[in-house]
Amino acid sequence: MALHTHDDVLATGQGTGIDNKSQAHIRVWRADDLTTLAVIGQGKLESDIVGAVFSWEGSMMMILEGLQDTVLSLWDWQNDMEVTRSTTGQSLLGGAFHPLEDDIIVTYGRQHLAFWLKDGNGALNRKDPLSAGRSGTNFLSMDFLSDGRLVTGNSRGFITVWGLSEDSGKVFFIQKEFKAHDGEVTALLPLPEGVLISGSSAIDQEGEIRVWDTSKKFAGLASAVLPTGSGGVTSLCPQKTVTTEWEVFVGTNKNVILEGSVMWALNPVVHGHCDDVRAMACHPDQPCFVTAGLDRYICKWEITSLIWKVQSDSECFSVTIHPHGSIVAVGDEHGDVTFLNMEDGLHVTTLPVTNNPLYTLKYSPDGDTFAVGCADGNIYLFQTHSNGYMYKIDFVLSGSVPVLMLDWSVDGSHLQAVFTDNEYHDIAFWDLKRKEKIHSANQLKELEWYKPNCTLGYKINGMWNNKHIPEAVHVCCHVSNSKQLLAAGDKNGYIRLFRYPSTSDKVSEFIEQYCFSFIRDFRDINYFIRL
């Protein structure tokens, strides 16, 4: 994302999508009403967009394209016209126009720092300021001070200050270099009052922010460590145009945004997962839900806020909530189920099930039986007691293909499961009273399923082989609590709403496009959640 230097205008970039309809391009918007002012590079840009920056006078835009061999190009963005382009042969992270010299551009990245001089014909000439002995340094952040000096932060924790020579050669030279952080210097923010704020990131440590006086040889003024669980600093943004207490917003690599000041406190205002979210479950009675993922975090949310956040020892693949709403169960990569108190997230107990990942968990409608679907192909059933606080193994439904999804019948007498071997999906049914597999599904056509999520079945057949969407491959679905709507999501990022039951191949649908893994809805509230 880039902000225009003079007008209330911003630009956003996207890479190529997962289907042929989505092309890489830059879109320029009015910030107040999101009116599109220009679309740049559609059909011309071929790779993921690394960054886009407006020139200081506002008519030009620099676009960095490609994650590995990054291409730098300059565009007349109002006319969607490319002026020049140059390959770098390196992996770039960003760049900027010099604020006082219109013909100078700086780019930085992995083992890369380069100054680009634009000649009279518009071509870019590259100058590399690093000697061979320092070529292994990764430059992770940069910005300009108000007097035109360049500051860069690198992977070794150093901040380097670069001055521009006054001769016609326009050569940058190092004025000062100092050790700023123990970790990587991942963000820099100059403020008008003559200070520079730097942010760092280090493995297994919380990020740190430090403030430097640019008028007194970058003497340290203050420092602060981010709150526990926040992660490392990835970005810094001023809260106000002029601030006396260095008030900032801080973005982190754990998808947290904090606000506050180095002088007094930094408090989280936005939370999120920082890796794939693999599971979600809604509370049976309240407008809240739980998510879990590969970042090993388990989170309870209300519609607009985080209630609690707990870290697991393992990557999480599945989650479900007891019908009484008192317990949340989370299945992990090592075959264990962790039970947490729904109210406060405190650990209740851990149930070892197997040695393989647990892809799906479901309580029976009355909460007396707990079903666990595993990557080893087995479904493990446990008797539950004390509202989900105690568990005892009952029996195992044996299989050989990983279990992805489970549904209970409304009366708790039957179980259906979707299996996959990554080439095909299949569905199977069990009579739990007889503890045997049912080989003919016709006798179960009219059976009602409790909050069904399986992507195969008679009453949702209309979302498959549909004449309106003959090639759609649905990877998740959910029937609303009203039993009137079926929400289905496919592998290309489309959400479709069907009437339920949906048995005809001619059924029509309402379509939205997102990226997601799960769909759920709240009881008695007209919301549905997609991830």
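Residues are numbered from 1 along each chain as its sequence is written, and side-chain values use heavy atoms, with hydrogens and water left out. In this predicted model, local features need pLDDT of at least 70 and side-chain atom pairs count only at pLDDT 80 or more, while totals for chains, interfaces and linings use all residues.

The protein is divided into domain 1 (1–128), domain 2 (277–450) and domain 3 (459–530). These bounds come from an automatic or database domain assignment. The centres of domain 1 and domain 2, taken over C-alpha atoms, are separated by 47 Å.

Strands here are DSSP runs (E, at least two residues), numbered from the N terminus, and two strands pair if DSSP finds at least two bridges between them. An open sheet of four strands has the order S1-S2-S3-S4, and its pairing is antiparallel. Strand S1 (2–3) and strand S4 (36–40) each have a single partner strand, so one side of each is left without a neighbour in the sheet. S1 is joined to strand S2 (residues 9–14) by two bridges, and alanine 2 stands opposite alanine 11 in S2.

Another open sheet has four strands in the order S29-S30-S31-S32, with antiparallel pairing. Its edge strands are S29 (316–321) and S32 (347–352), each pairing on one side only. From one strand to the next the twist averages 20°, where axes are lines fitted to C-alpha atoms and angles run from 0 to 180 degrees between N-to-C directions. Strand S30 (residues 327–332) and strand S31 (residues 336–341) run antiparallel and are joined by five bridges. Alanine 329 stands opposite phenylalanine 339 in S31. Phe339 also belongs to an aromatic cluster with Tyr363, Phe370 and Tyr391.

The next topic is the nonpolar cores. A nonpolar core is a set of buried Ala, Val, Leu, Ile, Met, Phe, Trp, Tyr and Cys residues joined through side-chain atoms within 4.5 Å; buried means under 20% relative accessible area, exposed over 50%, and partly exposed in between (1.4 Å probe, protein chains only). The largest core has 21 residues, of which Val418, Phe429, Ile460, Met463, Cys477, Leu486 and Phe498 touch the most other members. Strands S39 (425–431), S42 (474–479) and S43 (485–490) each supply at least two residues of this core. The core lies between domain 2 (277–450) and domain 3 (459–530), because both give residues to it. Leaving aside residues up to four places away in sequence, phenylalanine 429 touches Leu415, Gln416, Glu436, Lys437, Ile438, Ala441, Leu444 and Trp449, with contact meaning heavy atoms within 4.5 Å. A second, separate core of 18 residues includes Trp246, Val248, Val256 and Leu258.

The whole structure holds 13 aromatic pairs. Rings of Phe, Tyr and Trp (its six-membered ring) pair if their centres lie within 6.5 Å; planes under 30 degrees apart count as stacked, over 60 as edge-to-face and the rest as tilted. Phenylalanine 115 and phenylalanine 172 form a stacked pair, 4.1 Å centre to centre with 15° between the planes. Phenylalanine 115 lies in strand S11 (residues 112–118) and phenylalanine 172 in strand S16 (residues 172–179), 57 residues apart. Phenylalanine 115 is buried at a relative accessible area of 4%, and phenylalanine 172 is buried at 7%. The rings of phenylalanine 419 and tryptophan 430 have their centres 6.0 Å apart and their planes at 55°, so this pair is tilted. Phenylalanine 419 is in strand S38 (residues 414–420) and tryptophan 430 in strand S39, eleven residues apart. Both phenylalanine 419 and tryptophan 430 are buried.
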